[in-house]
Amino acid sequence: MRELRGGSVLLASMALACGTPGGSDESDGSSSGVTLTTSSTPAQTEDGPATTTETSVATSSVTSSTGEGTTEIEDESGNPITFDLGGLPDSPMFDMGCRKVDFLFVIDNSGSMSAQQAQLLASFPGFISAMQAALEDTVDSYHVGVLTSDNYSGNAPGCTTIGDLVSQTSGFGAAGQVCTPFAEGGRFATEMDDLLTKFPCMAQVGTSGSPIEQPVTALVSSFQPAKRAPGGCNEGFLRDDAILVVVIVTDDPPWNGDFDDAHPGTVTTGWYDTVVAAKNGDPEAMVVIGFVPWMNISCVPLNLESPNLIGFIQEFGDQGVLASVCEPDYGPIFADAVENIVTTCENFDPPG
């Protein structure tokens, strides 16, 4: 698990292109580096002396190239020697395991989350741009969805229970917009949408939500078969052949008055197993980033860390990224997470 504190900044721009060996791409009809040297050496055979001729290739600068698929050079007497190279086969493409990424943002919409939602919206463009740059030669399909931490009444009719993907918002501080239609017809954005427009529409969920905050419960609920079935609120979002990147943003403290995900008495033992089961039992197929009450808790009600939420992120080991919800800038956290996501993508082995 990666534990990230403010001030640790990793450059998110990653050059993933392979370099080409030295030399110019232009040709003036001549090239250098090859001549032939011939020498004769007497040798003894059973029929008497004989002469053998040995030809070697030396590096010098008397060569020329003519014709497609042929290379012509001259020997020391000026006689042309041509090698027919034929058609050279194309180099096989290096196929990384990950061609698709599903991003699922779980956003606390309780009354104290105004600043944290604004922080997330401000950092999203840099995060998604860094991801696309780092994976542009690998990933060709993205899903981006949003959940809230309660039964979200501002959502579209029929999809207002916890764990339903957000396709419209309402309430105090919300964008108050209908975000559909999405380019591919689901209740989530894809690479075919303008993510810099669609994500704020979905993610600015406002702060009129329940004080009983259940961000991990929402995540677990989103994987229910009924929600993923044809006609379900989350139909088509989660894909077996994609890695899953979960981002949780919550300031939920462990307060005895709210029996929610942070409450000390909440049973958390099934959280990890359920999330991993949604990815066919493969924890290496996901990255979970948690902006939760941890370390810097200056913005957290009651100024308390949340052991339940911290422990959930820690269960993912190296696939978990733990950060404080009170960070003044989420950008460096996302920048560090890019490397983790790229590694997960490289190592992903799609089922089947």
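In the predicted model, helices H1 and H7 pack with their axes 9 Å apart and at an angle of about 30 degrees. Angles under 35 degrees count as roughly parallel, and the two helices are therefore roughly parallel to each other. The crossing of H1 past H7 is right-handed. On the H1 side, the contact is made by Leu-120, Ser-123, Phe-127, Ala-130, Met-131 and Ala-134. These residues meet Gly-331, Phe-334, Val-338, Ile-341 and Val-342 of H7. By residue class, the contact of H1 with H7 comprises 9 nonpolar residues, 2 polar residues and no charged ones.

In soluble globular proteins, nonpolar side chains tend to be buried together. The largest nonpolar core of the model has 53 residues. Within this core, the residues with the most contacts are Val-101, Phe-103, Phe-105, Val-146, Phe-199, Ile-289 and Phe-291. Another core, of 31 residues, lies apart from the largest one and includes Leu-147, Val-275, Val-288 and Phe-312.

When neighbours within four places in sequence are left aside, Phe-291 is in contact with Val-247, Ile-248, Val-249 and Thr-250, among others. Its other contacts include Ala-323, Ser-324 and Val-325, together with Tyr-330, Ile-333 and Phe-334. Phe-334 is also one of the H7 residues that meet H1.

Backbone geometry was then considered in the loops. A cis peptide bond, with omega about 5 degrees, joins Thr-180 and Pro-181. Pro-181 is found in the loop between S9 and strand S10 (189–190).

Positive phi values occur at Asn-280 and at Met-295, neither of which is a glycine. For Asn-280, phi is near 60 degrees. This residue lies in the loop that runs between helix H5 (271–278) and S12. The relative accessible area of Asn-280 is 47%, and the residue is partly exposed. For Met-295, phi is about 60 degrees. Met-295 is placed in the loop between S12 and helix H6 (307–314). Residues are counted as exposed over 50% and as buried under 20%; Met-295, at 42% relative accessibility, therefore counts as partly exposed.

Methods. Residues are numbered from 1 along each chain as its sequence is written. This is a predicted model: local features need pLDDT of at least 70, side-chain atom pairs count only at pLDDT 80 or more; totals for chains, interfaces and linings use all residues. Side-chain values use heavy atoms; hydrogens and water are left out. A nonpolar core is a set of buried Ala, Val, Leu, Ile, Met, Phe, Trp, Tyr and Cys residues joined through side-chain atoms within 4.5 Å. Buried means under 20% relative accessible area, exposed over 50%, partly exposed in between (1.4 Å probe, protein chains only). Contact means heavy atoms within 4.5 Å. Helices (H or I, at least four residues) and strands (E, at least two) are DSSP runs, numbered from the N terminus. Axes are lines fitted to C-alpha atoms, for helices over the stretch in contact, and angles run from 0 to 180 degrees between N-to-C directions. Angles under 35 degrees count as roughly parallel, over 145 as roughly antiparallel, 65 to 115 as roughly perpendicular and the rest as oblique. A crossing is left-handed if the near helix is turned anticlockwise from the far one by less than a right angle, and right-handed if clockwise. Ala, Val, Leu, Ile, Met, Phe, Trp, Tyr, Cys and Pro count as nonpolar, Asp, Glu, Lys and Arg as charged, and the others, Gly among them, as polar.
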